[in-house]
Amino acid sequence: ILSQTGAASNSSVYGHKTTASQDVGAEGRFHHELRIAPDDERALTRYRGALARATTYLGAAEKRRVYAALEVAYQAHNGQARKSGEPYIEHPLSVALILAHLRMDVDALCAGLLHDTVEDTWLSFEDVEKVFGSTVRRIVQGETKVTKLAATSATAQAAAASKQTLATTAAAAAA
């Protein structure tokens with residue numbers, strides 16, 4: 001999808017297969033083959049259409065990077081569903097569409113699509129960096145840390161509230 005210099009190459013899921021790869025120098029070649037079933041191809045076509053309408057301000061090479069991130073996120077989240085039952089990919093796609101409406105750059109859009117992949121799938125931060133660059137990795141890593149911090153904070157607040165309730169209840173019972 002991306003060359004060693006970060007320039008986009010021909011990326012396509014037509015033929016129900018695409019390859020996400022980037023040369024990584026002497027360490028070898030990151031390579032992950034994505035197999036896309038016909039039903040998945042129809043869904044990806046719909047998602048690419050939504051992104052295309054929202055990213056008219058981007059150049060062709062930038063759009064190819066966004067589509068590549070969509071394909072990787074789609075495959076990584078394949079089979080996952082949200083509590084509501086909708087396919088998990090709908091969430092990162094919605095994030096990317098919001099970012100596109102804010103006219104964010106290509107790295108922000110790619111990170112929006114990939115932001116849950118490292119936490120919830122087989123994809124690693126290293127994979128994200130090898131294919132999409134260090135900026136996208138840093139954004140994804142930062143979002144993951146903020147999410148964990150917010151969850152930890154919410155848990156701590158709930159625990160403090162429970163302790164306060166127990167203390168108040170115990171004091172009232174003792175009186």
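Which residues of helix 4 are buried? They are V106, D107, A108, L109, C110, A111, G112, L113 and L114, with buried meaning under 20% relative accessible area, exposed over 50% and partly exposed in between (1.4 Å probe, protein chains only).

## What you're looking at

This is a predicted model, so a bit of housekeeping: local features need pLDDT of at least 70, side-chain atom pairs count only at pLDDT 80 or more, and totals for chains, interfaces and linings use all residues. Residues are numbered from 1 along each chain as its sequence is written, and side-chain values use heavy atoms, with hydrogens and water left out.

The protein chain has seven helices and two strands. Both element types are DSSP runs numbered from the N terminus: H or I over at least four residues for helices, E over at least two for strands. Walk along the sequence and the pattern reads β-β-α-α-α-α-α-α-α. Of the 175 residues in the chain, 40% are buried.

Two packed helices are described by the angle between their axes and the distance between the axes. Here the axes are lines fitted to C-alpha atoms, for helices over the stretch in contact, and angles run from 0 to 180 degrees between N-to-C directions.

Take helix 4 (residues 106-114) to begin with: its axis and that of helix 3 come within 7 Å and cross at roughly 160 degrees. That makes the two helices roughly antiparallel; the label goes to angles over 145 degrees, while under 35 counts as roughly parallel, 65 to 115 as roughly perpendicular and the rest as oblique. The crossing of helix 3 and helix 4 is right-handed, which means the near helix is turned clockwise from the far one by less than a right angle, anticlockwise being left-handed. Helix 4 itself is mostly covered, with nine of its nine residues buried.

Helix 1 (residues 38-54) packs on helix 3 as well, at an angle of about 15 degrees and with the axes 9 Å apart. Helix 1 and helix 3 are therefore roughly parallel to each other, and their crossing is right-handed too.

## A nonpolar patch

I98, L102 and M104 make a nonpolar surface patch of about 290 Å². To get into a patch, a residue needs over 30% relative accessible area and no salt bridge; nonpolar side chains (Val, Leu, Ile, Met, Phe, Trp, Tyr) are joined within 5 Å, and like charges within 9 Å. The accessible areas come from the Shrake-Rupley method with a 1.4 Å probe, and for residues, only the protein chains shown count as cover.

## Salt bridges

How many salt bridges does a search of the whole structure find? It turns up seven, each a side-chain nitrogen of Lys or Arg within 4 Å of a carboxyl oxygen of Asp or Glu. E41, R48 and E71 are linked in a network of them. Elsewhere, E86 and R82 meet at 3.8 Å, N to O; E86 is partly exposed at 32% relative accessibility, and R82 is partly exposed at 31%.

R137 is worth a look. R137 bridges to E126, with the closest N and O atoms 3.7 Å apart. R137 lies in helix 7 (residues 134-174) and E126 in helix 6 (residues 125-132), so this pair ties together parts that are eleven residues apart in sequence. R137 also forms a salt bridge with E129, where the closest N and O atoms are 3.0 Å apart. As for cover, R137 is buried, with a relative accessible area of 16%, whereas E126 is partly exposed at 41% and E129 is partly exposed at 31%.

## One more look at helix 6

V131 is another residue of helix 6. V131 counts as buried, at 2% relative accessibility. Its C-alpha atom is separated by 9.6 Å from that of R65, a residue 66 positions away along the chain.
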